[in-house]
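I opened the file today and kept notes on what I looked up. The entries follow in the order I made them.

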Amino acid sequence: MATRNPIKEIWHYRGLIGNFASREIKGKYRGSLLGSVWSLLNPLSTLAIYSIVFGFFLRFPNRVAGNGTLSSFPVYLFTALVLWNFFNALVTGSIGALVGAGPLLRKIYFPPFTAVFGSMLAVLNQLMIEIGILVVVFLIAWNISWTILLLPILLALFAAFGLGVGMFFAMLNARFRDVNYIITVLLNLLFYSAPIIYPIELVQAKYGEYPWLKLYEYNPLTVFIESFRNILWDLKFPGWPSMAYMVIVSLLVLAGGWFFFQRRAHDVSEEL
């Protein structure tokens, strides 16, 4: 039963969305010896590798956290990388989920968005594990304040933003398979378009007189990553302008992605 209300429609198919998410989580490490333990080992190994490369070999200058005592460039880097990994997995996962649901869509009817939403829940599961590791690190270093209460809000807004982008490209890829290859290049560019592996102050100090700096600063990824670091690393409120910007951008992108997806969903099974 389809309804015109997006929220009611998503709620109506919540069971199917959960099944897609469960299938993706179980299938991710199927056949491996350690199974879902890899969900924990992968981010831990990433943090260890960055600590060795940036802390020991490259000797990047450490960043001091909000408590004034935690000083670590690898943890500073990992804080932003967690958010980027989520966005990257959400966009590519949405594309893969819709294509993967093609054979099933040709046999039985179900709303195509359920596969994309299921993929998002599977990616959220991995994000929660990585966030958990990050929070444990900050607890051990006692770099925690009330700002952590903003974490669920920021993650919900970022998930809405990433889902909107993912739905748009998933449907576009159903029509033009080149999109899958283009998005790989685009994501590589986006990775360096935001202050993930470098501090934003470096760009502002070096290119402060250039007009394009405003585009860089208003890049949604820049605002989300800086806000994420504000609340977890710097222990400070990102500011009302940033919060308002993230709310507006997230809702606009999600609404745009949803309506674009739904307008073309009725005959997508023929294109998959």
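**Entry 1: the whole chain.** I noted at the start that this is a predicted model. I counted the elements and found 12 helices and 0 strands. I then looked up the extent of the chain: along the principal axes, the C-alpha atoms fill a box of roughly 60 × 50 × 35 Å.

**Entry 2: surface and contacts.** I found that 45% of the 272 residues are buried. The accessible surface is about 14,300 Å², and carbon and sulfur atoms account for 68% of that area. I also looked at contacts between residues at least 6 apart in sequence; 77% of these join residues at least 24 apart.

**Entry 3: the annotation.** I checked the UniProt record, an unreviewed entry, for "transmembrane region" and found residues 148-172 and 179-200 among the spans listed. In the model, residues 148-172 are 88% helix and 0% strand, with end C-alpha atoms 36 Å apart. Residues 179-200 are 68% helix and 0% strand, and their end C-alpha atoms lie 30 Å apart.

**Entry 4: salt bridges.** How many salt bridges does the structure hold? I found 2. One joins Glu201 to Arg63, with the closest N and O atoms 3.6 Å apart. This pair links distant parts of the chain, since Glu201 is in helix H9 and Arg63 is in the loop between helix H3 and H4, 138 residues apart. I noted that Glu201 is partly exposed at 41% relative accessible area, and Arg63 is partly exposed at 25%.

Glu217 and Lys214 also form a salt bridge, at 3.7 Å from N to O. Both residues lie in helix H10, 3 residues apart, which is about one turn of the helix. Glu217 has 21% relative accessibility and counts as partly exposed; the cut-off for buried is under 20%.

**Entry 5: Thr79.** I looked up Thr79 in helix H4, which covers residues 73-100. Is Thr79 buried or exposed? I put it down as buried, because its relative accessibility is 0%. The side chain of Thr79 reaches the backbone oxygen of Val75 at 2.7 Å. Beyond its neighbours within four places in sequence, Thr79 is in contact with residues including Leu134, Phe138, Phe228 and Trp233. I also noted Val135, which is 56 residues from Thr79 in sequence and 9.8 Å away, C-alpha to C-alpha.

Key:
Residues are numbered from 1 along each chain as its sequence is written. This is a predicted model: local features need pLDDT of at least 70, side-chain atom pairs count only at pLDDT 80 or more; totals for chains, interfaces and linings use all residues. Side-chain values use heavy atoms; hydrogens and water are left out. Helices (H or I, at least four residues) and strands (E, at least two) are DSSP runs, numbered from the N terminus. Buried means under 20% relative accessible area, exposed over 50%, partly exposed in between (1.4 Å probe, protein chains only). Contact means heavy atoms within 4.5 Å. A polar contact is a pair of N or O atoms within 3.5 Å; within protein, one must be able to donate a hydrogen and the other to accept it, and residues adjacent in sequence count only if both atoms are side-chain atoms. UniProt positions are given in the numbering used here, feature names are shortened, and annotations may be inferred rather than shown by experiment. Accessible areas come from the Shrake-Rupley method with a 1.4 Å probe; for residues, only the protein chains shown count as cover. A salt bridge is a side-chain nitrogen of Lys or Arg within 4 Å of a carboxyl oxygen of Asp or Glu.
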